Amino acid sequence: MSTSRLEDPEDVLAGLTRMDSQDRRDSDGSDSEVQRALEVCFDNTNPSRRKSSFVSSQATRPVHKRTPTSCFVHALLEEKQGSGTATPNHQGLMQERPTDKASDTSSNREAQTQSRLLTKKQLSDMAYGIRELSKRLGHVRLRLKVKNVFLLTKVHDVHLVAITREITEWLLEQHGGQYTVWVEDTMKHNEAFDAPAIYKDDSSKKSRLRFWNDDLCRKRPHTFDIVVALGGDGTVLYASSLFQGVVPPVLSFALGSLGFLTKFDYNEYAPTLTRAFNEGITVSLRLRFEGTIMRSSRRTGHSDADHKKRDLVEELIGEEADDNRTHRPERTYNILNEVVLDRGPNPTMSSIEVFGDEEFFTTVQADGICVATPTGSTAYNLAAGGSLCHPDNPVILLTAICAHTLSFRPIILPDTIVLRIGVPYDARTSSWASFDGRERTELCPGDYVTISASRYPFPSILPLNRRSEDWIDSISRTLNWNSRSRQKSFNDGDGGKKG
């Protein structure tokens, strides 16, 4: 692998830093410090790399030789753009309005970080930018200057705690004492981990063994250079829930049951980590969703009967769509797998209304509804009968759970759409929402959840020697995808066989 610089590494790094510039100002590190901690290298193992990528950064870019289009439609567009007389239609005007209700108390920070408050055009540009950045990152190696290593495991599993201790000791004993290891704060008094025994013979290790908590992950994610997950897919989801904003690159060792998200063999942890730290990593940006719980605001002087007469359709896409007083945001989550609305402990099925952008889709009568990312297509979505989807696809998967109809089929939507899924005011019972199986919350009639693409994708570290075939291998290995006995050929009686 060549160690020469990419043609313009700032272009790649700008994509990485632009998404989290607001959060970075809240941390101790500056943009320039983060860029100095990264080195973008060629990956000559990629056979499809374009020759233009090897042009020196000192060379001048060629001047394009495009001629004016001869297309009739393009000619009309250019004429309109030049004259300044183009009139936007209704759909064009809708592109410039926020996709969801903003409360009167919404701060500027919320408007900048919550994708539901972006205009349709801004949301489309954001999603496109993340996809382009993901493509770029698939063709380069990022050489991290690793200092702070974040270890994540199941603290109630004695076997995994022992493995965490083993990796901790290995990292602390590396030459030069260059790594600071962060483990969960509950490890301080964990007998299986036995923190004092790790540094009793070397006092310098005590200052390099530190402990993290949820608050540190939420407020200062840039403290950590890399996350090492020790467990199964649930441990990776736990990492996603800890870092609700910017997520450090996650390298996951397979110590669980299935392993869709755990890419590395723990038995090879020493050479794997050495190679990642010294030679660089390849990162895949996985789409995450932003889910916001919106509560119905009770109107002054209205009785329960008056409250039930309200219409969720009118309040979201009708005459009251611009009235921010009808609903208020409660809490926002960034999720990696799925958002699920279900009937919860209620004995009857749920009634759920589904909206996409400014359109009413349908009312679902079912046990619930699952809105999954491509990563989550092999989780609850699979069990509910949804489609399997490669994680590189920029889509939203919508699947009903035990729908009481013969005609409902799972649908796949673009990631630029904003879904709003709520409980109608006249529903018999409430529904319950969960986010990656966590934060289970009751939704009363009139409440809804807004779901859109998050501006904070999940950076998953991939094996350097097998990237394109990794997903097919995982569904074949864990789910026995399309596994059956091969059909026998015909025997024509002459000793020959025919297919």
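**Reading a predicted model**

Modeller: Arg 165 is buried, with a relative accessible area of 18%. Buried means under 20% relative accessible area, exposed over 50%, and partly exposed in between (1.4 Å probe, protein chains only). This is a predicted model, in which local features need pLDDT of at least 70 and side-chain atom pairs count only at pLDDT 80 or more, while totals for chains, interfaces and linings use all residues. Residues are numbered from 1 along each chain as its sequence is written, and side-chain values use heavy atoms, with hydrogens and water left out.

Biologist: With which residue does Arg 165 form a salt bridge?

Modeller: A salt bridge is a side-chain nitrogen of Lys or Arg within 4 Å of a carboxyl oxygen of Asp or Glu. For Arg 165 the partner is Glu 169, and their closest N and O atoms are 3.4 Å apart. Glu 169 is partly exposed at 25% relative accessibility.

Biologist: How far apart are Glu 169 and Arg 165 in helix α8?

Modeller: An α-helix has 3.6 residues a turn, so residues three or four places apart point the same way. Glu 169 and Arg 165 are separated by about one helical turn because they are four residues apart in helix α8. Helices are DSSP runs of H or I with at least four residues, strands are runs of E with at least two, and both are numbered from the N terminus. In helix α11 (residues 214-219), Asp 215 and Arg 218 are three residues apart, again about one helical turn. Their salt bridge has its closest N and O atoms 2.4 Å apart. Asp 215 is partly exposed at 32%, whereas Arg 218 is exposed at 53%.

Biologist: Which parts of the chain does the pair of Arg 343 and Asp 367 link?

Modeller: The side chains of Arg 343 and Asp 367 meet in a salt bridge, 3.1 Å from N to O. This pair links distant parts of the chain, 24 residues apart: Arg 343 is in the loop between β12 (338-342) and β13, and Asp 367 is in strand β14. In total the structure holds 21 salt bridges.

Biologist: Where do the buried residues of α7 fall, seen down its axis?

Modeller: Take the helix itself to begin with. Helix α7 (residues 120-137) has 18 residues and reaches 26 Å from its first C-alpha to its last, close to the 26 Å expected at 1.5 Å a residue; the expected span is 1.5 Å times one less than the number of residues. Its buried residues include Leu 123, Ile 130 and Leu 137. Down the axis of α7 the buried residues fall within an arc of 160°, so they line one face of the helix. The arc is that of the directions from the helix axis to the C-beta atoms.

Biologist: In which sense do β6 and β7 pair?

Modeller: Two strands pair if DSSP finds at least two bridges between them. Strand β6 (residues 226-231) pairs with β7 in the parallel sense over five bridges. Val 228 stands opposite Leu 251 in β7. From β6 the chain passes through helix α12 (residues 233-242) to β7 in a right-handed β-α-β crossover. Right-handed means that, with the strands pointing away from the viewer, the path from the first strand over the helix to the second runs clockwise. Strand β7 (residues 250-254) has four of its five residues buried.

Biologist: What is the phi of Asp 357?

Modeller: Most residues other than glycine have a negative phi, and most peptide bonds are trans. Asp 357 has a positive phi of about 55° although it is not a glycine. Asp 357 sits in the loop between β13 (350-356) and β14 (359-372).
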